[in-house]
Amino acid sequence: MSQELDLKLVVRVEPGSLGPDGLDHVESFCVVAEKVFSKVEFANLTFKIVPRYDKKLPELELLMNQAPLPQQRAVLVLDKLNLTFELIEEEVMERISKLIDRFLGHKY
């Protein structure tokens, strides 16, 4: 893949995953999570962590040069990187889950 290619994974976090008052904390959590993920080296992907207010939007979405990729094209791009959405989802969601635990531990 070309070095000019900007691949970004948008990770949408459900407010409910932060507990019953998650709506009050999801935006600050996303800021913290994005800082943590900015240090993660994972298949030349950068990460954008945002709240998932609209359930119609996918939890994970791949952007190429700031434009959302249709699912079929995203699968092809990931295949060139020897990745799958399933593999990425497993890795990313595990990290998000651990960050939520740490974040909530600091809150209470």
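Strands here are DSSP E runs of at least two residues, helices are H or I runs of at least four, and both are numbered from the N terminus.

This is a predicted model, where local features need pLDDT of at least 70, side-chain atom pairs count only at pLDDT 80 or more, and totals for chains, interfaces and linings use all residues. Residues are numbered from 1 along each chain as its sequence is written, and side-chain values use heavy atoms, with hydrogens and water left out.

**The sheet**

Strand 3 pairs with strand 4 in the antiparallel sense, over two bridges. Pairing requires at least two DSSP bridges between the strands.

Four strands form an open sheet, ordered 2-1-3-4, with mixed pairing. Strand 2 (46-51) and strand 4 (67-68) are the edges, each pairing on one side only.

**The helices on it**

Select helix 1, residues 22-37. Helix 1 packs on the sheet and touches strand 1 (7-13) and strand 2. Contact means heavy atoms within 4.5 Å. The direction of helix 1 makes about 170° with that of strand 2. Axes are lines fitted to C-alpha atoms, for helices over the stretch in contact; angles run from 0 to 180 degrees between N-to-C directions.

Next, helix 2, residues 71-80. Helix 2 also packs on the sheet, touching strand 1 and strand 3. Its direction makes about 75° with that of strand 3.

**The salt bridges**

Pick Glu61 and Arg12. Their closest N and O atoms are 2.7 Å apart. Glu61 is in strand 3 and Arg12 in strand 1, so the pair ties together parts 49 residues apart in sequence. Glu61 is buried at 18% relative accessibility; Arg12 is buried at 10%. Buried means under 20% relative accessible area, exposed over 50%, partly exposed in between (1.4 Å probe, protein chains only).

Move to Lys48 and Glu34, a salt bridge with closest N and O atoms 3.7 Å apart. Lys48 is in strand 2 and Glu34 in helix 1, 14 residues apart. Lys48 is partly exposed at 36%, and Glu34 is partly exposed at 26%.

Then go to helix 3, residues 85-107. Glu91 and Arg95 both lie there, four residues apart, about one turn. Their closest N and O atoms are 2.8 Å apart.

Last stop: select Glu14, Arg52 and Lys55, which are linked in a network of salt bridges.

Terms used: A salt bridge is a side-chain nitrogen of Lys or Arg within 4 Å of a carboxyl oxygen of Asp or Glu.
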